[in-house]
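Dear colleague,

I am handing over the structure below, together with notes on what was found in it. Please read the notes with the coordinates open beside you.

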Amino acid sequence: MGMKERTRRDEHRHHARPCPACSLIARSDEHHPPVLPPQVALPLRLGGRWVSPGCEVRPAVLFLTRLFTFYGHNRSWEGYYHHFSDPACRQPTFTVYAAGRYTRGTPSSKVLGGTELVFQVTQARVTPMDQVTTAMLNFSEPSSCGGPGAWSLGTERDVTATNGCLPLGIRLPHVEYELFKMELDPLGQSLLFIGQRPTDGSSPDTPEKRPTSYQAPLVLCGGAAEGVSGPPLHKPPRKPLSGGGPCPPAAPLPVLPLALGLAFLKRL
């Protein structure tokens, strides 16, 4: 297939679903590389629900999806980690619900367009989603995860009183020094980028360990983005997530991949 034919085909796709970057790439060659416009960082407005558009991978062969809900009026948050044993996120192992508060954002002096925040994790609940995790929790010391009482498959238990869940690496209370930014994709969908997790499995629990790069973005799936600072954002049209469906419900369900992305889980 010649260059002109490929270009016409790519232009047809561009008109069918606008993609400015695709058009620039289609018109480039090895002697004239594309010059892509820089992404413009938006004022950080966290209110609403943000979800992983697909299965995500972490070091040590861990797979998960994430779901955040931010409440901009009082700077509180809650969300879910939903962990899986397979790269398609079809075989759940355990779900963690977490909640806490976050500080007002300040512009990063190290990362252009980034906003620095401090997150507190003060509550957590765990739901074992397979027999292996359920058995592991039942063999652990009760004082290390949830207190007295047996764990059962698919049943959520609060682990706040035991300062987390040691067998799963959950520590409470916990503080993280984070880096956030927001962008719009070519179709107008809001994207939320959160600081990259350390590859050694540690947590950014000191200012010196604050991330300087980002994970794959989350997408806004419910509610308008509310303000931490800056003017109101354009509210993008709601549409199904790529590779998935509409925004999942707030409550954790065994068949849905819900998860939160902060690393108070030491295994992330």
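Is tyrosine 214 buried or exposed? With a relative accessible area of 18%, tyrosine 214 is buried, where buried means under 20% relative accessible area, exposed over 50% and partly exposed in between, for a 1.4 Å probe and with protein chains only.

Before going further, please note that this is a predicted model, in which local features need pLDDT of at least 70 and side-chain atom pairs count only at pLDDT 80 or more, while totals for chains, interfaces and linings use all residues. Residues are numbered from 1 along each chain as its sequence is written, and side-chain values use heavy atoms, with hydrogens and water left out.

The chain as a whole

The secondary structure comes to 3 helices and 13 strands, taken as DSSP runs numbered from the N terminus (helices are H or I with at least four residues, strands are E with at least two). Of the 268 residues of the chain, 45% count as buried. Among the contacts with a separation of 6 or more, 61% are between residues 24 or more positions apart, a contact being heavy atoms within 4.5 Å. The accessible surface comes to about 13800 Å², and carbon and sulfur atoms hold 59% of it; these areas come from the Shrake-Rupley method with a 1.4 Å probe, and for residues only the protein chains shown count as cover.

Strand S3 and its partners

Strand S1 (residues 48–51) runs antiparallel to S3 and is joined to it by 4 bridges, where two strands pair if DSSP finds at least two bridges between them. Within that pairing, glycine 48 has phenylalanine 70 of S3 as its bridge partner. Strand S2 (residues 56–58) is also antiparallel to S3, over 3 bridges, and there valine 57 stands opposite phenylalanine 63. S2 and S3 form a hairpin with 3 residues between them, and alanine 60 in the turn has a positive phi of about 65°.

On to strand S4 (residues 76–84), which runs antiparallel to S3 and is joined to it by 9 bridges. This pair forms a hairpin too, with 4 residues between the strands and a positive phi of about 50° at arginine 75 in the turn. Arginine 66 is bridged to tyrosine 81 in S4, and threonine 65 stands opposite histidine 82. S4 is mostly covered, with 8 of its 9 residues buried, and it is joined to S5 by 9 bridges in the antiparallel sense, glycine 79 standing opposite alanine 98 in S5.

Histidine 82 deserves a separate look. At 1% relative accessibility, histidine 82 counts as buried, and a polar contact of 2.9 Å joins its side chain to that of threonine 95. A polar contact here is a pair of N or O atoms within 3.5 Å; within protein, one must be able to donate a hydrogen and the other to accept it, and residues adjacent in sequence count only if both atoms are side-chain atoms.

Nonpolar cores

The largest nonpolar core has 31 residues, and those with the most contacts inside it are Leu46, Trp50, Phe70, Val126, Cys165, Phe180 and Leu192. Such a core is a set of buried Ala, Val, Leu, Ile, Met, Phe, Trp, Tyr and Cys residues joined through side-chain atoms within 4.5 Å. The elements that give two or more residues to this core include S3, S4, strand S5 (92–102) and strand S7 (115–128), and S7 supplies the largest share, 5 residues. A second, separate core of 12 residues includes Leu191, Phe193, Tyr214 and Val219.

Aromatic pairs

A search of the whole structure finds 9 aromatic pairs, counted for rings of Phe, Tyr and Trp (its six-membered ring) whose centres lie within 6.5 Å, with planes under 30 degrees apart counted as stacked, over 60 as edge-to-face and the rest as tilted. The rings of phenylalanine 68 and phenylalanine 70 have centres 5.1 Å apart and planes at 10°, so this pair is stacked, and both residues are buried. The rings of phenylalanine 193 and tyrosine 214 have centres 6.0 Å apart and planes at 70°, so this pair is edge-to-face. That pair links distant parts of the chain, with phenylalanine 193 in strand S12 and tyrosine 214 in the loop between S12 and S13, 21 residues apart. Phenylalanine 193 is buried, at a relative accessible area of 13%. One aromatic cluster is formed by Phe68, Phe70, Trp77, Tyr102, Phe119 and Phe180.

With best regards
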